[in-house]
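Take a look at the fold first, and then we can go through it together.

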Amino acid sequence: MGILWLLVVGLVAGLIARALVPGRQSMGLLMTMVLGVVGSFVGGFIGSLFTRRAITDMHATGLIMSVVGSIVVLLLVQMAGRGRRIHA
C-alpha cells in the first residue's frame, strides 16, 4: 500500500509542479509521476534539513514538500536541457 500511495502522491505533486512552472514541459503521465516521486524524495531531504524527521516519513507537509521538490527538479531539468536545443 505504501508504494501505491507514493505513486499517487508523486503523480499529484508532479501535476501541480508542472502547472506552477512556466514554459512547456513535454512529458507524459508516467514521466510526470517519476518527476513527482523524485521530487518527493528531494522535498523530504529539504524537510529533513529543518526537522528531525527521516526523509521517508509521512507527515502533513509531505505533499507541500513533494511539490516544492518537484519544482526544484523540474527547474533543474529545464536548465540542463537549454544547452541541448537544436535550432533549424
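Let's begin with one side chain: Phe45 sits in helix α2. At 44% relative accessibility, Phe45 counts as partly exposed, a class that lies between buried (under 20% relative accessible area) and exposed (over 50%), with a 1.4 Å probe and protein chains only. The C-alpha atoms of Phe45 and Met65 are separated by 9.1 Å, although the two residues are 20 residues apart along the chain.

This is a predicted model, in which local features need pLDDT of at least 70 and side-chain atom pairs count only at pLDDT 80 or more, while totals for chains, interfaces and linings use all residues. Residues are numbered from 1 along each chain as its sequence is written, and side-chain values use heavy atoms, with hydrogens and water left out.

**Overall make-up**
- The protein has 3 helices and 0 strands; helices (H or I, at least four residues) and strands (E, at least two) are DSSP runs, numbered from the N terminus.
- From the N terminus on, the order of elements is α-α-α.
- Of the 88 residues in the protein, 26% are buried.
- Among contacts (heavy atoms within 4.5 Å) with a separation of 6 or more, 64% come from residues 24 or more positions apart.

**Helix α1**
- The 19 residues of α1 should span 27 Å at 1.5 Å a residue, and the end C-alpha atoms of α1 are 27 Å apart, which agrees; the expected span is 1.5 Å times one less than the number of residues.
- Val9, Gly10, Ala13, Gly14 and Ala17 are the buried residues of α1.
- They cover an arc of only 140° around the axis, so they lie on the same side of α1; the arc is that of the directions from the helix axis to the C-beta atoms.
- These buried residues pack against α2 and α3 (62-81).
- Leu4 and Ala19 are exposed, on the face of α1 turned away from its buried side.

**How α1 meets α2**
- The axes of α1 (residues 2-20) and α2 (residues 29-50) come within 7 Å and cross at roughly 100°; axes are lines fitted to C-alpha atoms, for helices over the stretch in contact, and angles run from 0 to 180 degrees between N-to-C directions.
- The two helices are therefore roughly perpendicular to each other, the class for angles of 65 to 115 degrees.
- Residues making this contact include Leu6, Val9 and Arg18 of α1, and Met33, Gly36 and Ser40 of α2.
- By class, the contact has 10 nonpolar, 5 polar and 1 charged residues; Ala, Val, Leu, Ile, Met, Phe, Trp, Tyr, Cys and Pro count as nonpolar, Asp, Glu, Lys and Arg as charged, and the others, Gly among them, as polar.

Terms used:
Parallel < 35°, antiparallel > 145°, perpendicular 65-115°, else oblique.
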